[in-house]
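Please open the model in your viewer and keep the sequence panel beside it. This tour tells you what to select at each stop and what you will find there.

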Amino acid sequence: MRTRRLVVIEGKASPEELEIGTEVLLGRARETDLRIFDETASRQHARILERDGRVVLEDLDSANGVDLNGERVAGSAALFDGDVIRIGNVRMRFETAAGADRETVAAASESVEAALDPDRADPSADLGGGPATARLRLVCDGATACADAADADEVPGILLALAVEALGPDRATVSLGLRPGGGTTVVAAWPANASAPASAMLARRVLEEGEAVLIRDALDSEVRAGTSRSIIASRYRSTLAAPLRTSEGVLGVVVVEAIEPGRYGEEDLRALAAAARQAALSLRNLRTLSGARAEAVRLARRGAVKAPELLGEANALEAVRALISKAANVDSPVLVTGETGTGKELVAQLLHAEGPRHREPFVALNCAALVEGLLESELFGHEKGAFTGATARHEGRVVQAGKGTLFLDEVGDLPASLQAKLLRVLSEGTFTRVGGSETLELTCRVVAATNRDLKAMVEEKTFRQDLYYRLAVVEIDLPPLRDRGRDVELLAEVGVERLSARLGRRPPRLAADARALLLAYGWPGNVRELFNVLERALVLHEGDTLSAADLPAEIRSPAPPAADEEGAALEVLTLREAERRAVRAALHAAGGKKGRTAEILGVSWPTLNRKIREYGLEAEVERARGN
């Protein structure tokens with residue numbers, strides 16, 4: 001008969017190696033055969049015995065249970081060579097082979113690095129038990145499960161199941177916020193009939209402040225003063241509470257409670273907080289997707305086309321959105337100004353889509369694309385025979401727009417003669433076709449746009465002052481991309497996703513060095529140039545990550561013009577300097593908060609700290625916090 005023994009591989013227990021006879025008792029009490037030095041273990045926690053010719057592990061109704069190969073034992077389970085048992089923070093291996101046999105097996109296996117079924121691969125499946133592995137499973141399995149969720153309603157249940165499996169609580173709940181300041185409602189609970197957390201005040205604090213909370217022992221004298229009466233009065237002594245937090249706010253809270261004091265520590269809190277963060281991001285994305293689908297159905301039913309989104313979080317863009325919202329519901333002319341590529345036509349489309357004319361046509365005309373004679377005909381239409389080649393009547397863009405919106409792009413390029421005619425049409429509300437005499441009524445709304453300085457043109461007498469005032473009843477000025485901070489990163493992520501879909505590919509991840517370059521570049525062509533750069537990179541790119549090396553040379557080392565007006569050449573940034581500036585800019589954008597800075601740059605906390613040290617930006621952190 002082969003030797004059977006327990007070998008302690010993690011945690012503190014005595015003895016560290018125990019030969020197993022007919023029955024072995026495991027627990028915290030001194031009289032046990034293998035004593036476990038862990039307060040989470042019961043005095044007589046479990047036993048190993050022979051039953052029906054097999055070796056069996058039996059849980060003796062312990063408070064926190066026994067894990068076998070990472071799974072909780074329900075009553076009893078058969079043991080086999082190599083099985084790993086966990087009680088509290090102590091892990092031990094059950095062995096039946098003699099030492100020589102084990103060494104032979106190990107030597108024979110040294111030439112094989114890994115052999116597994118790729119479809120069943122689990123990065124934490126072979127790590128055994130133990131608190132560290134349980135926490136790793138919570139984070140890793142949480143990321144996978146939440147990513148695979150098909151509906152937002154599935155996410156709270158997924159998070160709850162993973163938290164219960166990893167942390168072994170006596171009670172756990174996931175609650176979602178109903179509205180700002182309006183409390184939460186429990187949407188998933190374990191056991192199934194569990195009520196709300198012992199302290200509604202604790203859950204509300206986490207929901208409002210967005211900070212994870214650990215209570216090792218609610219009755220500890222050091223924490224009683226800061227603990228609500230409901231927690232002190234309850235039977236649950238150890239509590240973890242983590243927010244379901246995204247950059248847009250806190251969506252809810254997960255609370256894990258144990259009767260035994262000191263059950264949880266800081267590492268447990270970090271793992272739960274990470275899993276809750278992943279669940280929150282999945283929940284937000286699935287809600288957004290669901291909302292987009294519902295909106296698409298609604299728009300399809302009413303026969304409307306939704307205008308593209310004006311993406312970004314910069315303050316200047318919020319002011320633009322506010323102006324669009326106000327101007328969309330009136331008929332006054334609007335002048336949209338801004339550099340090339342900032343999205344002026346997009347603003348015009350939003351003014352149309354959000355206003356009462358959204359069911360009517362949106363018609364655009366580029367005033368710089370046609371010569372004067374053709375431009376007038378294209379704008380107002382012409383009669384048959386009005387000029388050589390006019391073989392039939394042509395309805396111009398004004399008529400085509402009907403009761404909708406006419407968008408005049410590059411209005412600053414209108415010839416002087418057409419400026420006068422357009423002014424008359426806007427003032428009188430009537431027009432005639434080229435070569436015609438019939439007076440027609442202007443029924444559309446006019447939105448104009450230009451990348452030129454019309455005020456300066458008015459002073460130079462190249463643009464009519466009266467037409468400028470007629471067009472700019474409401475003026476919306478779009479900020480250049482270089483002044484929109486981290487919007488560059490947001491637009492890049494959206495661009496990669498949409499352009500990859502257009503190319504029929506899975507969108508790659510934007511690497512930290514690519515993000516740094518994109519943030520540091522000046523973008524003279526604005527959003528249009530950004531999307532052009534991304535599309536060019538994606539066409540030539542292969543792999544799951546888009547790095548700095550995949551970006552065009554002009555982005556990696558932007559070339560300056562020959563000289564400015566004073567003859568001084570502009571600075572060329574090296575990759576290292578571009579990265580340093582990106583880190584510095586992100587620190588100030590985040591107010592010196594390293595967690596937020598890491599999110600902006602798309603890097604981990606350790607990577608950020610390394611970059612701060614590498615570039616000597618320690619003092620910059622303090623300055624950013626003081627701003």
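**Before you start**

This is a predicted model, in which local features need pLDDT of at least 70 and side-chain atom pairs count only at pLDDT 80 or more, while totals for chains, interfaces and linings use all residues. Residues are numbered from 1 along each chain as its sequence is written, and side-chain values use heavy atoms, with hydrogens and water left out.

**The whole chain**

Show the protein as a cartoon, in which there are 22 helices and 26 strands; helices (H or I, at least four residues) and strands (E, at least two) are DSSP runs, numbered from the N terminus. Of its 627 residues, 44% count as buried, where buried means under 20% relative accessible area, exposed means over 50%, and partly exposed lies in between, with a 1.4 Å probe and protein chains only. Contact means heavy atoms within 4.5 Å, and among contacts between residues at least 6 apart in sequence, 60% join residues at least 24 apart.

**Two cis peptide bonds**

Select serine 14 and proline 15, which are joined by a cis peptide bond with omega of about 0 degrees; proline 15 is in the loop between β2 (13–14) and β3 (17–19). Then select tryptophan 190 and proline 191, where a cis peptide bond has omega of about -10 degrees, and follow the chain around proline 191 through the loop between β14 (184–190) and α4 (200–209).

Is aspartate 61 buried or exposed? With a relative accessible area of 77%, aspartate 61 is exposed. Now select lysine 461, in the loop between α13 (454–459) and α14 (465–471); phi of lysine 461 is near 65 degrees, again positive in a residue other than glycine, and at 74% relative accessibility this lysine counts as exposed.

**Glutamate 410**

Select glutamate 410, in the loop between β20 (405–409) and α12, which counts as buried because its relative accessibility is 15%. Which residues is glutamate 410 in contact with, leaving aside neighbours within four places in sequence? They are Asn366, Cys367, Ala368, Ala449, Thr450 and Asn451. Alanine 368 is 42 residues from glutamate 410 along the chain, yet their C-alpha atoms are separated by 6.0 Å.

**Helices α10 and α12**

Colour α10 (residues 372–380) and α12 (residues 416–428), which pack at an angle of about 15 degrees with their axes 10 Å apart. Axes are lines fitted to C-alpha atoms, for helices over the stretch in contact, and angles run from 0 to 180 degrees between N-to-C directions. That angle makes α10 roughly parallel to α12, since angles under 35 degrees count as roughly parallel, over 145 as roughly antiparallel, 65 to 115 as roughly perpendicular and the rest as oblique. To see the contact, show Glu372, Leu375, Glu376 and Phe380 of α10 together with Ser417, Leu418, Lys421 and Val425 of α12. The buried residues of α10 pack against α12 and also against β19 (362–366), α11 (397–401), β20 and β21 (430–431). Just after α10, glycine 381 takes a positive phi of about 90 degrees.

Move on to α15 and α16, whose axes come within 9 Å and cross at roughly 125 degrees, so the two helices are oblique to each other. Val488, Glu489, Ala492 and Glu493 in α15 meet Arg515, Leu518 and Leu519 in α16.

Finish with α17 (residues 526–540), and select its buried residues, which are Asn526, Val527, Glu529, Leu530, Val533, Leu534, Ala537 and Leu538. Seen down the axis of α17, these buried residues fall within an arc of 165 degrees, so they line one face of the helix; the arc is that of the directions from the helix axis to the C-beta atoms. What covers the buried residues of α17 includes α15 (487–503), α16 (512–520), β26 (545–546) and α18 (553–556). The face turned away from the buried side of α17 carries the exposed residues Arg528 and Leu540.
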